[in-house]
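I opened the structure to go through its strands and helices in turn. These are my notes, in the order in which I looked things up.

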Amino acid sequence: MQKSKIVLIIVLSIILCLTMTISVLGFSNNYSWTVSNPSIETSAPLADTEKVIDNNFLNLEAGSAILIEQNSGQILYGYNIHEKLHPASVTKIMSVLLIMEALDSGKITLDTQIPCSENAASMGGSQIWLDPKETLTVNDMLKAICVVSANDCVVAMAEYLGGTEEGFVQMMNVRAKELGMNDTTFKNCHGLDEDEHLTSSYDISLMSKELLVNHPSVTNYTKIWTDSLRDGKSALSNTNKLIRNYSGATGLKTGSTSLALYNLSASATRDGLSLIAVVMKAPSSNIRFKTASALLDYGFNNYSYSSLGNQGETVKSISVTKGLESNVNAIYETSPSFLIKKGEEAGITYDINLKESIQAPISQGQLLGTITYSLNGNELSKVNIVAEKSINKIGLLNVTKRIFYNWFNLLR
């Protein structure tokens, strides 16, 4: 009986050696497979992503207006979107963007104390009446800038980050060019009227998107309705009335001067759909809020934003040849989430192009295939499918270890 068991072990060992040798030498089944599902219900980008509806079919009372989807920047409505107009305090969106970037880079922290110069204290307009002898934290400065549009605070921050206000304005213009804000020339950091201090609703939507997408913590300030500073001695009430009156409002910035009239960049999120509406040169404060609300309503009533999956979610497990492990999960590199007109969900199709097997070594994040999404035959987006983890190539030493491991288990 013992002799028969030894013979069995030898035979199994030979078979195991042959199997592992074949695995090491490897034969790969590298072919692609495709799946289409015309009935999948989800959301996807519009096929005409570059199309701009540049007419006032909503009959808005404004000199210029635009509505975009926040994540993609896709334009959903446009009217005179490239007309150069005075931005007033909407200018501060760029100032706040540079402050948030300075926070991210470690140049400042929320607890950094910011001094007030005579120049900053003398700005006038919207302010919290800074004293040249006092300092405020960056946190308090941001609160004052975002909630009550404090000119004195934004100038103090500009001088601290740019050395001088002029130096900071130069930084603003450089950043504007980087964002493709070709209609814009900044002459100051606060928005008080200067002849050549101009931008467009399109450009305002670009910097608003950049701020909200890459610095979402800014809404900790822009969503404040009322608050206070200086141990409760200075009361703050948000100049953006939509924060209180519009469901899902997240910001962003108001502005008004005698030349600019009434401006607003308004952001809101409902059911996963985030929108930015920019209104310029409205004849009154109430009309700018009414106009922004009409734009946001148009977006929420006509579009939806939903996801097919999440970043890192497994699409399929793929076999691995010549590897220390026999399978690797193929996962979404990014979340496949799309904007689509309501009612067009049934027109979505998806095609998966993915290898059935792959040869080791495999690196984490290595491209394994793609999923292509289409709407009514028009390609919308292509999402990469990548390896969840690294898998090393198997070697002779690993084969030997496995053989002895299996011997040990058989003899137990």
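Entry 1, a hairpin. I began with β17 and β18, which form a hairpin with two residues between them. In the turn I found Asn376 with a positive phi of about 50 degrees. I note here that the model is a predicted one.

I then followed the pairing along this hairpin. β17 and β18 (residues 378-387) run antiparallel and are joined by eight bridges.

Entry 2, another partner of β17. Strand β15 (residues 348-355) also pairs with β17, in the antiparallel sense and over seven bridges. Here I noted Asp351, which stands opposite Thr372 of β17. I checked whether β17 (residues 367-375) is mostly covered or open, and eight of its nine residues are buried.

Which strands form it, and in what order? I read the order as β3-β2-β10-β9-β8, five strands with antiparallel pairing. At the edges stand β3 (75-79) and β8 (249-257); each has a single partner strand, so one side of each is left without a neighbour in the sheet. From one strand to the next, the twist averages 5 degrees.

β8 pairs with β9 (residues 261-270) over eight bridges, in the antiparallel sense. Gly255 has Asn263 of β9 as its bridge partner.

I turned to α2 (residues 92-105) and α7 (residues 201-214), which pack with their axes 10 Å apart and at an angle of about 30 degrees. Angles under 35 degrees count as roughly parallel, so α2 is roughly parallel to α7. The crossing of α2 past α7 is left-handed.

I listed the residues that make this contact. From α2 they are Ile93, Met94, Val96, Leu97, Met100, Glu101 and Asp104. From α7 they are Ile204, Met207, Ser208, Glu210, Leu211 and Asn214. Sorted by class, the contact of α2 with α7 has eight nonpolar, two polar and three charged residues.

I counted eleven helices and 18 strands. Of the 412 residues, 48% are buried. I also looked up how far apart in sequence the contacts reach. Among contacts with a separation of 6 or more, 66% are between residues 24 or more positions apart.

Key
Residues numbered from 1 in each chain as written. Predicted model: local features only at pLDDT ≥ 70, side-chain atom pairs only at ≥ 80, totals over all residues. Heavy atoms only, no water. Pairing = 2+ DSSP bridges. Helix = DSSP H or I, 4+ residues; strand = E, 2+ residues; numbered from the N terminus. Axes fitted to C-alpha atoms, helices over the stretch in contact; angles between N-to-C directions. Parallel < 35°, antiparallel > 145°, perpendicular 65-115°, else oblique. Left-handed = near helix turned anticlockwise from the far one by under 90°. Contact = heavy atoms within 4.5 Å. Nonpolar A, V, L, I, M, F, W, Y, C, P; charged D, E, K, R; others polar. Buried < 20%, exposed > 50% of the residue type's maximum accessible area, 1.4 Å probe, protein only.
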